[in-house]
Amino acid sequence: MSLRTLLELCLLLGPGALCLVPVWRLPKPHVIDVEALSAKRTLLVSWLANRTSLLGATCELQIGRTENRTIVFSANITVCSLGKKVWTWTSDLPLECVDHSVRMRYLYNQTVPSPWSNWKNNSGAQPADKTKMFPFQQVLREGDRAMFCCVPPRGVPITGMTLNDRKYPLIHVTAAVRAISVENLTWDPGRRRDPYDRNEQTHTLHVHIPGDRDPCALQWVKVPAGTNMLSLPAGNFKAGCRFTFIIYGCTESGHRLLEIQTGYTQELQSVEAPNLGTFTSDSSSVTLEWHYNEDDEAHPAFITGYLVTVQEVQQNTLNLLNVSVSDPRRKSVTVDGLQPNRDYVLSVSALTRQGPGLATSITIRTRPSYSAHLVKILTPVLLLLFCALLLWPRRNVVKTRLVGIFAYPAGMNVRAPDLDSVLQEMVKRLQSEEVEECRECHIEILDTGALLEATSEADALTRLAPGSSRPEEPPPTQVPIQVDYCPQSAPLPLQAPPASH
C-alpha cells in the first residue's frame with residue numbers, strides 16, 4: 001500500500017480516525033576520519049555517501065569545541081554525487097589549544113532529519129610538566145589576524161599574556177587554557193628590518209605563569225641569498241640555556257622549512273629528578289617505572305639516559321648495583337639478582353654528558369621465597385618416601401626386627417595404665433630424695449689385727465658353748481670402719497666381748 005493510498009483512506013474515515021502513517025528517514029551517517037592540519041589550523045572531515053537516496057539530500061555538519069562539545073560552527077552541504085566526501089574547515093584558534101569534535105546528519109526536504117552520527121574527535125595538546133604555546137614554529141604574515149593560546153599542565157594557572165610589550169585581555173577557552181586575539185600583526189619596533197622584506201617580522205610573546213621563569217625571546221634574522229654562515233654575538237647565549245635555530249627558505253611563493261638546529265654553548269649537570277611511578281617485585285627482582293620529559297627545553301643539558309642505583313638497606317657498601325639506561329625514552333628497568341625478603345633503596349637520576357643529575361629514591365621490599373621453604377619441607381618427606389619404596393619389598397623382615405626391638409619381653413604382662421603409674425611414682429620418689437652435702441668425711445682404716453684375733457677367740461668360745469648357733473660370717477669385703485674418728489694420743493685396745501655361758 002502506497003503512502004498516497006494511506007492518506008486517502010485517512011481522509012475518508014474522518015477526523016476522528018487514528019491513522020499510523022510510516023515516515024521514511026534517511027540512514028544514520030558515519031564520519032570516516034577527521035584529519036588535522038595544524039600549520040593551517042584546518043580540519044579535513046571525510047565521510048562516505050553510498051546510497052542513491054542521498055543524492056540531492058542536505059548534509060548538516062557541526063563542529064564542537066572543548067570536552068563539553070560547545071557548537072562553534074555549523075554548515076549545510078548538498079550531496080551532488082556518490083562516493084567519499086571531504087569537507088574542509090578552518091579554525092580561528094590553533095587546533096592544539098583544545099579538543100575539536102565533528103558530527104553530521106542528513107536532511108530530507110529540509111524537514112525530516114536522519115539520526116546524528118557519532119562524534120569524531122581530534123584531541124588537542126596535553127602537556128605533562130611544562131606550559132606550551134601555540135602556534136609554535138610557524139611564520140606569520142604582517143597584518144594578519146592571529147590567535148595565540150597557552151596550554152598549561154594540570155593545576156597550573158595562566159594569569160597574563162603579553163605580545164610585543166603589550167598586554168592583551170585573556171580569552172577563557174577552557175577552565176585552564178587561555179588565549180589572546182591579535183587583529184593586526186606588526187613588526188617589532190625594537191628590531192631592524194630588511195628594506196626588501198615585506199612579509200616576515202619578529203614577535204616576542206611572554207606568558208606569565210606564577211612561579212615560572214620567563215621564556216627565551218624569539219628573534220628573526222634575515223640572511224641574504226647565497227649565505228651559508230651566520231655570526232651571532234656570544235652575549236646572546238649563556239650556559240645551560242638551549243638555543244634553537246629554525247632555518248627557512250624564503251621565496252616569492254612562500255616559505256619552506258629547511259632545517260632545525262638545537263644545542264647548548266655549555267651543558268650543565270643539575271637536571272631535575274624524575275618522578276617515580278609504579279613498581280612490581282618478586283623474591284629476586286624489582287621492576288620500577290618513572291616519568292620524565294626528556295624533550296623539555298628548560299633542561300640545562302640534553303638527556304642521554306638514566307642511572308638506577310640499587311642499595312640494600314642493611315648493607316654498609318655505598319653502591320650495591322648500578323644499572324644504566326641508554327635510551328632516554330625508555331622509562332622502566334628490571335633489576336635481577338636480589339635477595340628475598342630484603343629492603344632495597346632504588347634511586348633514579350637523569351643522565352647528561354656531564355653526569356647524573358638530581359636523584360629521587362624509593363624503598364622496595366622483595367617478596368619472601370616460598371620455593372626455598374618448600375624445598376626444605378619436601379626434601380625430608382621425599383627422602384622418607386624414597387626409603388619406604390626401597391624397603392617395601394623387605395617390609396616383613398623390617399617389621400619383625402622392629403617388633404623385636406620395641407616390643408615387651410615374652411611373658412611380661414604390663415598394662416599401659418600400670419606402667420604409667422609406676423613411672424610417675426618413681427619420678428616422685430626421685431624428686432623427693434635430696435642430696436645432702438657432706439660436711440666432714442674423715443675416713444681412717446684402723447689396725448684390725450688385734451680386733452680379728454679377739455674376734456676369733458670369742459667365736460671359738462661361742463662355738464664351744466652348748467646350744468649356741470653359729471653366727472653368720474661377715475662378707476670378706478666388710479672391713480670395720482670407724483666414721484668421724486679422731487685419733488687419740490693413747491688408743492685403747494679393743495677387748496673381745498665376754499663369752500656367754
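**Charged pairs up close**

Author: Happy to! Let us begin with K130, which counts as partly exposed at 30% relative accessibility. Please keep in mind that this is a predicted model. The side chain of K130 meets that of D296 in a salt bridge, with 3.5 Å from N to O. This pair links distant parts of the chain, 166 residues apart: K130 sits in the loop between β8 (120-122) and β9 (132-134), and D296 in the loop between β19 (286-291) and β20 (305-312). D296 has a relative accessibility of 8%, so this residue counts as buried, the cut-off being under 20%.

The loop between β19 and β20 also holds D295, whose partner R329 lies in the loop between β21 (321-325) and β22 (332-335), 34 residues apart. R329 is exposed, with a relative accessible area of 54%, whereas D295 counts as partly exposed at 43%. These two also belong to a network of salt bridges that links E294, D295, R329 and K331.

R105 and E60 meet through their side chains in a salt bridge of 2.9 Å, N to O. Because R105 lies in strand β6 (residues 100-108) and E60 in strand β3 (residues 58-65), the pair ties together parts that are 45 residues apart in sequence. E60 is buried, its relative accessible area being 11%.

Conventions: Residues are numbered from 1 along each chain as its sequence is written. This is a predicted model: local features need pLDDT of at least 70, side-chain atom pairs count only at pLDDT 80 or more; totals for chains, interfaces and linings use all residues. Side-chain values use heavy atoms; hydrogens and water are left out. A salt bridge is a side-chain nitrogen of Lys or Arg within 4 Å of a carboxyl oxygen of Asp or Glu. Helices (H or I, at least four residues) and strands (E, at least two) are DSSP runs, numbered from the N terminus. Buried means under 20% relative accessible area, exposed over 50%, partly exposed in between (1.4 Å probe, protein chains only).
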